[in-house]
Amino acid sequence: TIKEDKMGKQTSVKLKDVVEILGLEIVHKSTDYDEVILQSPDINRPGLQLTGYLEEFPYKRLQIIGSVEYTYLTSLDNRMQYERFRGILSYKMPAILFSYNAGLPKDILDLADYYDITILRSKLPTTKLTSIISQELEYIFADRTQIHGELLEVFGVGVLIRGESSVGKSETALDLVNRGHRLVADDVVEMAAYDNKLVGQAPENIRHYTEIRGLGIVDVRRLYGTGSVKVSTDIDLVIELEHWREDYEYDRLGLDEHYTEILNVQIPKILIPVRAGRNLAMIIEVAAMNQREKSMGYNAAKVMTDNLFKNSDNDN
């Protein structure tokens with residue numbers, strides 16, 4: 001298990017930050033808009049509430065009015081629309097968000113003003129909107145930690161490079177960037193776990209920088225271009241670098257699968273010994289491509305050994 005520096009779990013986020021991140025339109029702003037917080041990644045589509053049933057109404061969540069709810073609402077006469085919406089808005093909720101750039105009747109805006117509720121709008125279809133919001137909120141509220149290492153995207157595979165000080169992590173990462181791969185984080189990697197996956201990024205104040213002993217700080221994005229860096233990536237593989245031990249029997253076949261646990265997520269792990277003359281960047285490239293093949297169901301070591309056993313059986 002990798003040693004982690006726990007960062008805790010975020011328990012709330014301001015509504016205005018979510019609005020800014022997602023680029024939502026503010027149709028009506030409550031007087032306390034700047035202080036409104038979301039305390040859960042859960043959202044609610046108040047279809048049942050629009051029928052007048054308000055028992056167990058999860059009003060503390062962000063409310064989303066999709067095309068189905070909007071169609072039902074507009075099918076009611078003006079008086080019934082007013083009453084149903086008045087029933088919903090009488091609860092102190094964070095905000096109501098309409099999809100599809102829905103047109104909003106004046107009565108609804110008047111009620112929002114009266115009950116001091118923020119009304120938001122998005123041009124996105126309902127399904128896409130709810131998916132994006134759910135993913136963003138899950139990420140914000142996810143369990144978090146940070147560890148020391150290098151994080152890169154190599155052939156589309158998120159590779160976390162670990163190892164003791166002076167083993168050559170930063171130099172290997174820079175070599176990989178020079179070969180066309182993308183740096184995500186150097187030295188400190190912030191991680192969040194949600195939806196059974198692990199996502200890593202660099203702290204904002206050191207993002208896109210790397211430190212090379214004897215050279216100093218290097219701005220990777222300025223030297224290699226914007227295509228050489230990435231803000232975040234899923235972590236698919238952990239590579240542990242260590243100085244070569246003559247008394248240790250390193251894996252030669254790759255039949256055994258090894259894993260490390262970070263924030264209760266199991267990530268495949270490979271131990272790579274380091275000594276003069278080994279091309280670590282190339283080895284990591286091959287490891288990334290091999291991991292991608294394994295994720296698609298192909299294991300070269302297993303196929304080769306199966307073939308050897310078949311040939312042995314045929315000889316007998």
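Helices (H or I, at least four residues) and strands (E, at least two) are taken as DSSP runs and numbered from the N terminus. The model is a predicted one, in which local features need pLDDT of at least 70 and side-chain atom pairs count only at pLDDT 80 or more, whereas totals for chains, interfaces and linings use all residues. Residues are numbered from 1 along each chain as its sequence is written, and side-chain values use heavy atoms, with hydrogens and water left out.

The protein contains 10 helices and 18 strands. Its C-alpha trace spans about 85 × 60 × 30 Å along the principal axes. The radius of gyration, taken over C-alpha atoms, is compared with a globule rule of 2.2 Å times the number of residues to the power 0.38. For the protein this radius is 26 Å, while a compact globule of 316 residues would have a value near 20 Å. Burial is assigned by relative accessible area (buried under 20%, exposed over 50%, partly exposed in between; 1.4 Å probe, protein chains only). By this criterion, 44% of the 316 residues count as buried. With contact defined as heavy atoms within 4.5 Å, residues 24 or more positions apart account for 70% of the contacts with a separation of 6 or more.

Helix H7 (residues 169-178) is largely enclosed by the rest of the structure, because 7 of its 10 residues are buried. The buried positions are Lys 169, Ser 170, Thr 172, Ala 173, Leu 174, Leu 176 and Val 177. Gly 180, which follows H7, has a positive phi near 105°.

Two helix pairs were examined for packing. Axes are lines fitted to C-alpha atoms, for helices over the stretch in contact, and angles run from 0 to 180 degrees between N-to-C directions. Angles under 35 degrees count as roughly parallel, over 145 as roughly antiparallel, 65 to 115 as roughly perpendicular and the rest as oblique. A crossing is left-handed if the near helix is turned anticlockwise from the far one by less than a right angle, and right-handed if clockwise.

H7 packs against helix H9 (residues 280-295) at an angle of about 70°, with the axes 9 Å apart; the two helices are therefore roughly perpendicular to each other. H7 passes H9 in a right-handed crossing. Thr 172, Asp 175 and Leu 176 of H7 make the contact with Leu 280, Ala 281, Ile 284 and Glu 285 of H9. Residue classes are nonpolar (Ala, Val, Leu, Ile, Met, Phe, Trp, Tyr, Cys and Pro), charged (Asp, Glu, Lys and Arg) and polar (the others, Gly among them). The contact of H7 with H9 comprises 4 nonpolar, 1 polar and 2 charged residues.

Helix H4 (residues 78-89) and helix H5 (residues 106-115) pack at about 25°, with their axes 10 Å apart, which makes H4 roughly parallel to H5. Their crossing is right-handed. On H4 the contact is made by Tyr 82, Phe 85, Arg 86 and Leu 89, and on H5 by Asp 107, Ile 108, Leu 111, Ala 112 and Tyr 115. These residues divide into 7 nonpolar, no polar and 2 charged.

Positive phi values also occur at non-glycine positions. Glu 56 has a phi of about 55° and is found in the loop between helix H2 (47-50) and strand E6 (62-65). Its relative accessibility is 74%, so Glu 56 counts as exposed. Leu 263, with a positive phi of about 50°, lies in the loop between strand E17 (259-262) and strand E18 (265-274). Leu 263 is buried, its relative accessible area being 10%.
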